[in-house]
Amino acid sequence: MAVVASPGKPKDFLAAHLDTSVDPGVDFFQYANGGWLKAHPIPKSESSWGIGNEVDDELYARLRTISEAAAKAHGKAGTDQQKIGDFWATGMDAAKADRLGVHPLDAELARIDAIRSEQDVLDTVFAFKPIGVDALFHVSVGQDSKDSSTMAVQLHQGGLGLPERDFYFNAEPGVAKLRAAYVTHIARSFELLGRDPAAARTSALQVMAFETALAQASRKLADLRDPEKNYNKIVPADLTAKYTPGIDWAAHLAAWKLQPAYVVVGQPEFFAAQDRLLRETPVPVLQDYLRYHLVDSYAPYLSTAFDNEYFDFHHRAMAGQQEQRPRWKRTLDEENDAMGMVLGRIFVSNYFPKASKRRYEAMVESIRDTFRARIERLDWMGGDTKAKALVKLAAITPKVGYPDKWKDYSTLVVGRDSYAANVMSAQRWQFEDNLAKFGKPVDRTEWDMTPQTYNAYYNPSNNEIVLPAAIFMVPGVPDAKVDDAVAYGYVAASTIGHEITHGFDDEGRQFDAKGNLSGWWTAQDADRFNAAAKKMVNEFNAYEPLPGLHINGQASLGENIADYGGLLLGLEAFQKTQQYKQGRPIGGLTPTQRYFLGYALGWMSQQREERLRQRLLSDVHAPAKWRVLGPLSNIPDFYQAFNVKPGQPMWRAPEDRVQIW
């Protein structure tokens with residue numbers, strides 16, 4: 001299908017992305033984005049490149065200006081300006097990091113050296129939690145899934161250095177190569193701590209064996225998405241008695257001023273296995289396990305030698321990056337992690353106009369109205385479930401652009417002693433901020449993402465969608481210049497509709513209007529939903545992005561349902577707009593074509609093979625290309641818009657198409 005730009009007029013930004021040598025019915029992702037992808041190869045410093053990176057580059061430039069100005073100002077102690085400036089200055093001072101070497105970790109390394117028993121190991125594990133060294137397991141305070149008004153202590157499996165348990169067992173040659181590279185990386189980390197190569201190699205193999213045993217006890221990625229099976233309410237004394245006799249949970253939690261009546265344990269069998277492994281593993285091996293995880297957690301903030309070793313494994317081997325990203329970008333990433341809302345307050349004041357906020361708030365309500373109508377006319381859902389679904393939909397809280405109330409960072413201490421010290425201070429602040437929520441009312445105004453984050457989320461416990469300002473950005477195109485067709489595909493479908501649909505995907509649908517995990521579906525309606533969802537699982541299981549590695553249809557089911565639902569909601573809402581009704585083409589594209597291309601725009605990216613392999617094994621999202629190909633192949637309007645014919649790769653027989661929302 002050819003697209004012809006009008007002579008003498010600037011080429012439409014959407015039409016400029018096309019690869020018209022590809023038929024939309026053969027590979028719509030390549031047709032929609034191929035022109036842009038060919039013109040924007042992946043930089044050597046990146047493992048992937050796409051629209052999100054282009055948005056991030058605009059954000060980086062703005063945040064760098066803010067940070068450099070703060071560093072030069074030497075603001076008054078305790079002010080936001082001082083904290084931003086000092087964090088930036090230490091992050092950019094590579095020479096100082098080289099002079100200090102590993103010394104910023106001296107106290108923590110000495111603590112490991114002093115370990116003599118299993119209990120010393122556990123004491124150290126708990127002592128390292130506040131500084132972000134997440135050995136053995138994860139601990140946090142969060143909403144109780146079955147009582148969303150209560151903040152509960154949560155315990156989950158963890159302690160692995162590779163991204164996910166299947167990295168330790170998958171036989172695919174590329175994954176096997178990564179396992180070998182991981183052992184080499186651990187050994188090199190020990191060499192940087194002064195150990196001779198032979199001893200370092202022996203220790204690395206022992207650490208790998210210990211982690212492999214932890215991985216064996218861990219639940220698989222898809223199994224972690226069952227909220228009922230991953231909810232186990234246990235009294236701390238019972239957790240100790242029944243599962244972990246070596247860990248006095250009540251005493252350790254009390255040291256953090258936590259005295260919970262119960263804890264929510266995600267995977268009790270993991271903790272039982274961990275307790276056994278701690279007894280069976282020699283203390284020197286456990287010391288090395290802790291040394292590695294401490295050093296690896298802080299390597300990017302230490303000397304060039306540690307930083308380079310971290311990069312060689314985690315970014316070069318794991319993700320295919322050929323060179324380090326610029327230090328200033330990496331520093332901004334850490335600054336955003338440390339005090340992102342401080343930067344965010346300045347960012348939205350300068351760069352997110354109120355007109356944009358109003359536009360997307362109105363779009364949220366348009367999508368909500370559309371979903372209401374779709375639920376009301378569903379032929380597979382009974383009246384009782386329908387009524388409760390409509391109550392839940394009406395109760396969804398949208399948060400658009402930025403928080404109404406900004407987080408208070410007044411107790412965060414930042415100085416110019418060292419980069420690692422500032423990161424450690426920020427980790428402690430975040431840990432203490434999280435623990436301080438225990439015993440207090442749930443703060444439903446809080447955001448888990450900063451306004452300058454190119455992402456969004458649905459929180460089932462709050463029954464809310466959170467849409468940061470940056471997610472609405474089309475790189476290089478002012479918001480006012482983005483026509484409704486593109487905006488409804490790019491934002492209403494892939495973001496707003498997607499996040500609202502998460503409230504009704506295979507996992508989100510189990511939470512009620514108040515955010516509680518409860519059985520509000522009739523058994524018959526649940527069976528019908530699961531049958532339709534199974535069809536989508538099978539559809540994505542069939543995709544094989546790399547030889548021998550398929551998409552995990554069960555693990556990615558929630559995201560795939562949300563993509564599909566978002567597309568349907570965005571399209572129906574767009575069909576109520578003036579642009580759709582007028583039907584005038586732009587850039588040679590009809591409004592409906594622009595809508596679907598706007599959706600594809602949101603997934604305009606490419607990644608290196610190493611990165612793709614990593615994501616296939618550890619990510620609950622399908623790769624970008626299949627987030628376009630998969631859901632669109634189920635939508636009849638797409639077939640009509642691009643004249644997709646039977647026998648073409650994008651064609652799916654009507655009886656094989658998924659129909660849920």
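Start by colouring the chain by confidence. This is a predicted model, and the protein averages a pLDDT of 96, with 98% of the residues scoring at least 70. Now select residues 1-8: the pLDDT there is below 50, and the stretch has 15 contacts in the model beyond near neighbours in sequence. Where pLDDT is low, the predicted coordinates should not be read in detail. Take a glance at that stretch, then move on.

**Stop one: a sheet of four strands**

Select β2, β3, β4 and β5. They form an open sheet in the order β2-β3-β5-β4, with mixed pairing. Which strands are at the edges? They are β2 (137-144) and β4 (232-234), and each of them pairs on one side only.

Zoom in on β2 and its partner β3 (residues 147-157). These two run antiparallel and are joined by eight bridges. To see one of the pairs, click S140, whose bridge partner in β3 is Q154.

Next, select helix α7 (residues 173-192) together with helix α12 (residues 283-298). Their axes are 10 Å apart, and the helices pack at an angle of about 85°. That angle makes α7 roughly perpendicular to α12. Which residues make the contact? On the α7 side, show Y182, H185, I186, S189 and F190; on the α12 side, show D288, R291, Y292, H293 and D296.

**Stop three: a sheet of three strands**

Clear the view and select β6, β7 and β8. Here you get an open sheet in the order β6-β8-β7, again with mixed pairing. β6 (397-401) and β7 (457-459) stand at the edges with a single partner strand each, so one side of each has no neighbour in the sheet. From one strand to the next, the twist averages 15°.

Click Y457 to find its bridge partner V466 in β8, then click V400, which stands opposite L467 in β8.

Follow the chain around the hairpin of β7 and β8. Four residues lie between the strands, and N463 takes a positive phi near 50°.

Stay with β8 for a moment. Is this strand enclosed or open to the outside? Five of the five residues of β8 are buried, so the strand is largely enclosed by the rest of the structure. Show the side chains now. In a regular strand the side chains alternate between the two faces of the sheet. You can see this in β8, where E464, V466 and P468 point one way and I465 and L467 the other, and all are buried.

Bring in helix α18. It packs on the three-strand sheet, touching β7 and β8, and its direction makes about 155° with that of β8. Pick out T495, which sits in α18 (residues 484-502). Is T495 buried or exposed? T495 has a relative accessible area of 6%, so it is buried. Apart from neighbours within four places in sequence, T495 is in contact with A456, L467, I471 and Y490.

**Stop five: towards the end of the tour**

Select helix α20 (residues 557-574) and helix α24 (residues 624-632). Their axes come within 9 Å and cross at roughly 60°, which makes α20 oblique to α24. The crossing is right-handed. To see where they meet, show E559, D563, Y564 and L567 in α20 along with R627, P631 and L632 in α24.

Finally, select E365, in helix α15 (residues 354-376). Its relative accessibility is 32%, so E365 counts as partly exposed. Draw a distance line from E365 to A573: the two are 208 residues apart in sequence, yet 9.8 Å apart in space, C-alpha to C-alpha.

Methods
Residues are numbered from 1 along each chain as its sequence is written. This is a predicted model: local features need pLDDT of at least 70, side-chain atom pairs count only at pLDDT 80 or more; totals for chains, interfaces and linings use all residues. Side-chain values use heavy atoms; hydrogens and water are left out. Buried means under 20% relative accessible area, exposed over 50%, partly exposed in between (1.4 Å probe, protein chains only). Two strands pair if DSSP finds at least two bridges between them. Contact means heavy atoms within 4.5 Å. pLDDT is the predictor's confidence in each residue, from 0 to 100. Axes are lines fitted to C-alpha atoms, for helices over the stretch in contact, and angles run from 0 to 180 degrees between N-to-C directions. Angles under 35 degrees count as roughly parallel, over 145 as roughly antiparallel, 65 to 115 as roughly perpendicular and the rest as oblique. A crossing is left-handed if the near helix is turned anticlockwise from the far one by less than a right angle, and right-handed if clockwise.
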